[in-house]
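Please read the notes below alongside the coordinates. They are numbered so that each can be answered separately.

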Amino acid sequence: MTNVMEVYNLLPKTNCKECGKSTCMAFAVDLLARKVKVDDCSPIKNENQYIENYQKLTDLFKTSDDVSEAGLIVHEEKCTGCGNCVVACPVNVSHDPKGVALGKAPKSNKVILRVIDGVVKSSNVHECRRFGEEKILCNACIVTCPNKAIEFV
Amino acid sequence: MDDFGKYLSKPEHEIRIITYRDVFQSSAAEKSKFSDEYKNLSAIIQLDKKDIKKMGLKIGHNVIVKSTVGEVTVQLKVIESDIPHQGFAYMPNSPWSNAIVPLSDDRSGVPEYKMLHATIKDAKNESITLIEELIA
Amino acid sequence: MVIFLRNKYSVCPGCSLLCDDIEIEMKGTEIDKANNACIKGVSRIKDTKKLESKIDGNEVNQDEAIFKAAELLQNANNPLIFGLDNSTTEAQLEAIKLAKLISATIDDNSSFCQGPIVNAILKNELKTCTLDDVRDYADVLVFWGADPSNSHPRLNSKYAYYPRGKERQRGWDEDRTAIAIDVRESSSSVLCKDNFYQIPPRSDGELMTALSSAFSGKMPKVSFDIETQRILKLSNILKKAKYGVIFAGLGLTYSQTGIETIKNFLTELNTYSNFHLIPMVGHYNMRGFNQALYNETGYVNRVKFVKNESGNLDIKHGLQYSVLEQLNNKEPDTVLIIGTDPFTSMPHSVAKKLKEVPTIIIDPCETLTEKIADVVIRSAKSGIECGGNAIRIDGTCVELVPIINSGCLCDEHIICKIMEEI
C-alpha cells in the first residue's frame with residue numbers, strides 16, 4: 001500500500017503552487033485520492049532533474065488510471081487470475097446471475113471485474129458499491145483475493 | 001577480522017523442509033524451465049524471521065542447503081506471516097528441491113517431499129545452482 | 001471491452017479442473033488471449049513453441065525419431081513406460097496397448113501422488129461427489145493439506161467457495177464455511193480466516209483420531225499444541241454439515257496418514273454427517289490414467305505385463321513396479337517417458353538413473369530430462385493442438401477440442417506409429 005509520505009517524497013517538495021494546491025503535501029494527498037493526476041504537477045513532468053521520480057510516480061498510479069473514481073487498484077503482478085473476486089463481487093452477481101454468479105464465464109458486459117488473459121481487469125467501475133453518493137465499504141473482492149492483489153485507496 | 005573469518009567454515013544449522021506448490025512458479029515452468037523467471041521463483045528457501053536471525057543468515061543472500069542425498073545453493077527468503085514456523089523451512093517443488101529430496105524408507109513409495117531433514121549455511125560467494133548443473 | 005464473437009468455449013488443460021469456459025481470442029493463426037483462465041492455464045494454452053525431434057541431442061525429423069524409439073523398445077527386455085498424466089485418455093489407452101505388446105512396466109505420477117486415494121474412490125471405498133454437486137450443495141468445505149489457490153486456482157471461484165448454486169443461493173459468506181487444515185499458512189488458508197487449523201507435519205492422522213473422539217462426545221487429545229476448544233469447534237462444524245466436502249491435497253497424501261485412517265475417519269464422520277472426498281490430483285488427466293489402467297487391470301498404477309508360458313499376459317502389481325523403485329533398483333533397460341519431466345518432479349537421486357539406460361521422451365515442451373535422453377519425439381500439445389477426452393478431478397469426463405491446428409502429431413498417434421514399427 002502506497003502511503004502519502006512515499007508519494008510526497010517523490011514530488012519536487014518546492015511548494016511552487018503551480019498545480020493550484022498550497023503545498024506538495026496537499027498535492028500528494030489529492031494524488032492518492034485520485035483527485036489529480038501526476039501530470040498535473042508541471043515541474044515534475046517537464047523538468048529533467050525529476051525524470052526518475054516522474055517515472056516512479058507514473059508507474060505507481062498507472063494501474064488505476066481508468067478506475068480513478070472508485071479508487072480500485074489491481075496489482076497485476078500479484079493476480080493469479082483465480083477469479084475469486086469476479087464471482088464474489090455482489091454487483092457482478094446481480095448483473096450476471098447466469099454467468100459469473102455461478103462461477104462461469106461472464107455472460108453480461110455489465111460486470112465490473114473479469115479475468116482477461118490470466119489477470120483480473122475492471123470496467124464499469126461506476127457500478128461498484130464503493131462509488132458515488134450512496135457508497136458503502138464493500139470489500140468482497142479484497143477479502144476473497146488469496147494474494148492481496150486488490151486494494152482501494 | 002573479515003580476512004580471518006574467510007578461513008572459518010560457516011556454521012551449519014539443522015532445518016526441516018516442507019515443499020509446496022506456487023502458481024507463479026508453475027506458470028513460469030509452462031513458459032520455460034530454462035528461464036531466469038523460473039529459476040528466480042524456484043531456487044529459493046523460505047525461513048521464519050526468528051530462525052534467520054538466530055542462524056545469523058541474511059535475507060536475499062544465497063545459502064547452501066544440504067541433505068543426505070545432495071546439496072543446492074538457493075536464495076534465502078522470509079515469509080511475512082503472523083504465524084511462526086520456527087524450525088521449518090519451505091521450498092517450492094522444483095528441480096532444486098528435488099536435488100535434495102530423499103526417498104522415504106517406508107512402504108508408501110512416496111519421497112520425503114513434506115518432511116525433509118537438511119542443514120543450511122551461508123553460501124559466502126557461491127551463486128545459485130544452475131539448472132544445467134542439476135541435470136549433470 | 002470484450003466482444004463475444006465466439007459462442008463456443010474451450011477447455012483448459014492446465015490442471016485437472018479442466019475449466020470449460022475459456023474464451024479464446026485469436027490474432028491470425030495465433031492465440032492472442034485466453035480469457036477466464038488463470039495464469040497457469042494461460043501459460044499452458046499460449047506458450048506453444050515449435051520444437052524439433054532429436055536423437056542423441058541432434059535434430060532429426062519425427063519419423064526418424066519414432067523409428068529409433070521403436071527399435072529401442074523392441075530390443076528391450078524390461079522396458080518401463082512412465083508419464084501419460086498430460087495425455088488424452090485415447091493416448092493413455094494406446095500406451096497401455098503398447099505396454100502389453102512389449103511386456104512393459106507402466107506407471108504414472110500418481111504412483112508418488114494421489115494414487116491410493118483415487119484407487120479407493122474407484123473401488124467405492126470413499127464417498128465422493130462431482131464439482132457440480134459441490135457448487136450446488138456443499139455448505140462445509142475442508143481443504144486438507146491442500147492449497148487450491150496455487151494448485152487449482154479456479155477451484156474456489158468456479159465450484160467450491162464463492163459461486164451460487166442450487167441450494168447455495170445466498171453467497172459464500174452466509175452459505176458456506178471453508179476450513180483449511182495444513183502444516184503451513186498458504187494463500188488458500190488465509191481465505192478461511194479463523195477456520196485455519198495449523199498442525200505439525202505428519203499429525204494429520206492424529207487429528208483425525210482426535211476429531212473422531214470429539215464426534216462421539218469424548219474429550220479429544222493430541223500431542224501437539226492446539227486448544228481443545230478449537231478441535232471441539234471444528235468437530236461441531238463437521239458434524240453439523242448438511243453436505244460436506246474434503247479436498248484431499250498432497251499434504252494429506254504425503255503426511256504418511258495411511259489410506260485406512262482416511263477411510264475410517266470419513267466413515268466415522270458420516271455416521272453423523274454427509275461428507276464427500278475429492279482428491280486434488282494435479283496433472284490434467286492423471287485421474288484418466290488411473291481410470292484407464294484400472295479398467296484394464298484392476299490397478300490404478302504400478303503394473304507390469306508379463307507374457308506367461310502359454311503366451312497369455314499376466315498382470316503384476318506392487319510397489320516394486322513403481323517408477324521410483326524400478327529406476328532406483330536399475331530394473332528397466334529402456335524407458336519411455338510421455339508428457340512428464342522426472343528431473344522436475346522426482347528426487348534426482350532416482351531421476352539420474354535414467355542416464356544409465358536408453359531413454360525416449362515424447363513431449364511437446366522442452367524438458368530437463370530430455371537433456372539426458374537418447375530420443376526426443378515432439379508431440380502436439382493436447383487440448384491445444386489436438387483433442388480427445390480427459391477425466392476431471394471429480395471423475396467427470398470432459399472433451400478437449402483443439403484450439404489451433406499446428407499439423408503436429410499427437411502422442412496417441414505417435415504411440416500408434418511406434419507400435420506399427422514394432
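1. The largest nonpolar core has 100 residues, and the members that touch the most others are B:I17, B:I45, B:L47, B:V65, B:W96, C:F247 and C:M346. The element that gives the most to this core is strand β4 of chain B (residues 71-78), with four residues. As general background, nonpolar side chains tend to be buried together in soluble globular proteins. Please keep in mind throughout that this is a predicted model.

2. B:I45, one of the residues named above for touching the most other core members, has a contact list worth checking on screen. Leaving aside residues up to four places away in sequence, B:I45 touches B:I17, B:V63, B:V65, B:V74, B:Q75, B:L76, B:K77, B:A89, B:Y90, B:M91 and B:I120. Among these partners, B:V74, B:Q75, B:L76 and B:K77 fall within the residue range of strand β4, 71-78.

3. On the pairing of chain B with chain C, 38 residues of chain B and 42 residues of chain C take part in the contact. The two chains bury about 3700 Å² between them, and carbon and sulfur atoms give 61% of that area. Three salt bridges are counted between chain B and chain C. A salt bridge also joins B:K33 and C:D341, where the closest N and O atoms are 2.8 Å apart.

4. Chain C is divided into domain 1, made of two segments (52-111 + 284-421), and domain 2 (115-279). Taken over C-alpha atoms, the domain centres are separated by 34 Å. The contact between them involves 12 residues of domain 1 and 15 residues of domain 2. About 1100 Å² is buried between these domains of chain C, with carbon and sulfur atoms giving 60%.

5. How many salt bridges does the rule find across the interface of domain 1 and domain 2 of chain C? The count there is one. C:R392 and C:D132 meet through their side chains in a salt bridge, at 2.9 Å from N to O.

6. Over all chains, the structure holds zero disulfides. For C:C113, the nearest cysteine sulfur is that of C:C15, 12 Å away, and C:C113 is in no disulfide because a pair must lie within 2.5 Å. C:C113 is buried, at a relative accessible area of 8%. C:C416 is likewise in no disulfide, the nearest cysteine sulfur being that of C:C410 at 8.2 Å. The relative accessible area of C:C416 is 21%, so this residue counts as partly exposed.

7. Strand β1 of chain C (residues 23-27) includes C:E25. With a relative accessible area of 28%, C:E25 is partly exposed. C:N35 lies 10 residues from C:E25 in sequence, and their C-alpha atoms are 7.8 Å apart.

8. Chain A has seven helices and four strands, in the order α-α-α-α-β-α-α-β-β-α-β along the sequence. Its domain assignment gives domain 1 (4-62) and domain 2 (72-152), with 29 Å between the domain centres over C-alpha atoms. Along the principal axes, the C-alpha atoms of chain A fill a box of roughly 55 × 30 × 25 Å.

9. Of the 153 residues in chain A, 50% count as buried. Considering contacts in chain A between residues at least 6 apart in sequence, 50% join residues at least 24 apart.

Note on methods:
Residues numbered from 1 in each chain as written. Chains lettered and ligands numbered in written order. Predicted model: local features only at pLDDT ≥ 70, side-chain atom pairs only at ≥ 80, totals over all residues. Heavy atoms only, no water. Buried < 20%, exposed > 50% of the residue type's maximum accessible area, 1.4 Å probe, protein only. Domains from an automatic or database assignment. Core = buried A, V, L, I, M, F, W, Y, C linked by side-chain atoms within 4.5 Å. Helix = DSSP H or I, 4+ residues; strand = E, 2+ residues; numbered from the N terminus. Contact = heavy atoms within 4.5 Å. Buried area = accessible area lost by both parts, 1.4 Å probe. Salt bridge = Lys/Arg side-chain N within 4 Å of Asp/Glu carboxyl O.
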